[in-house]
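Have the sequence and the 3D view open as you read.

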Amino acid sequence: MYQALLQIPQHVRLRATQTGGSALKLYNSVGPNPQVVRMFMAERGIEIPMEDIDIMAGENRTGAYLQKNPAGQLPALELDDGTLVTEITAICEYLDETQPGDRLMGDTAVARAQNRRWARWVDLQIIEPLTTGFRAAEGLPMFKDRMRCLPEAADGLKACAQDGLAFLDQQMVDGRQYIAGDTFGLADIMLFCFVAFGNQVGQPLNPDLKHIGAWYARISERPSVSA
């Protein structure tokens, strides 16, 4: 059941991208978090090899991967010296700063600050309650033995995520095309991937949120969404 809900198309293995002579590897899996990084890389034209970890079978919670990454989360970016970078914002910012091409986070301190501001807001106000609510309800059979889940809080957490989306919808009355303004950025990628996930797991986007709905339709047309 949950594999069908969480399934995301898998990538072919890609050639290594060099960063100052260092080969990178992305530990990948199904789910919205890895999709954020893959979509970010697709937008930036970054190609690195990937190793799939089976989170449905709990591979990320045992064995060699857990020794490498004690927190067990995915995705994770490994450098050739064994350094591990986790958390989707940190991974995307590292790739943006080290890989050739136009930066998605912006070329000025102001642009980067706005990107980080809205990515942080989306993460705390929408993504965190949405995913925690999912783990406490529909995802409980998968997650109850892996982490602390709060079934009694599921409805409230889901409502908090909807409150965040409603607030953002009001902010977009100003006509902005993207979350942080007129430029597509990390906040758009993060929100898109998790709204799409919510649509799959019982937390659909409220059709009354017309501005977010129009934004979602625009982002859906980008080729990177299939990454």
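1. Let's start with helix H4 (88-98), where the buried residues pack against H2, strand E5 (76-78), strand E6 (84-86), H5 and H8. Those buried residues are Ile88, Ile91, Cys92, Glu93, Leu95 and Asp96. Buried means under 20% relative accessible area, with exposed over 50% and partly exposed in between (1.4 Å probe, protein chains only). Helices (H or I, at least four residues) and strands (E, at least two) are DSSP runs, numbered from the N terminus.

2. Before going on, some ground rules: this is a predicted model, where local features need pLDDT of at least 70, side-chain atom pairs count only at pLDDT 80 or more, and totals for chains, interfaces and linings use all residues. Residues are numbered from 1 along each chain as its sequence is written, and side-chain values use heavy atoms, leaving out hydrogens and water.

3. Now look at H4 with H8. Their axes come within 11 Å and cross at roughly 140 degrees; axes are lines fitted to C-alpha atoms, for helices over the stretch in contact, and angles run from 0 to 180 degrees between N-to-C directions. H4 and H8 are therefore oblique to each other. (Under 35 degrees counts as roughly parallel, over 145 as roughly antiparallel, 65 to 115 as roughly perpendicular and the rest as oblique.) Ile88, Thr89 and Cys92 in H4 meet Leu186, Met190 and Phe194 in H8, where contact means heavy atoms within 4.5 Å.

4. Compare H5 and H7: they pack at an angle of about 150 degrees, with axes 6 Å apart. That makes H5 and H7 roughly antiparallel, because of the angle cut-offs. Among the H5 residues that meet H7 are Trp118, Gln125 and Gly133, while the H7 side includes Ala154, Ala161 and Leu168.

5. What about the largest nonpolar core? It has 47 residues, and Val36, Ile179, Leu191 and Trp215 touch the most other members. A nonpolar core is a set of buried Ala, Val, Leu, Ile, Met, Phe, Trp, Tyr and Cys residues joined through side-chain atoms within 4.5 Å. H8 gives this core its largest share, 10 residues. Domain 1 (25-98) and domain 2 (109-226) both contribute residues, so the core lies between them; the domain bounds come from an automatic or database domain assignment.

6. Leaving aside neighbours within four places in sequence, Ile179 is in contact with Trp118, Val122, Leu168, Met172, Ala187, Asp188, Leu191 and Trp215. A second, separate core of 15 residues includes Ala76, Met142, Ala161 and Val201.
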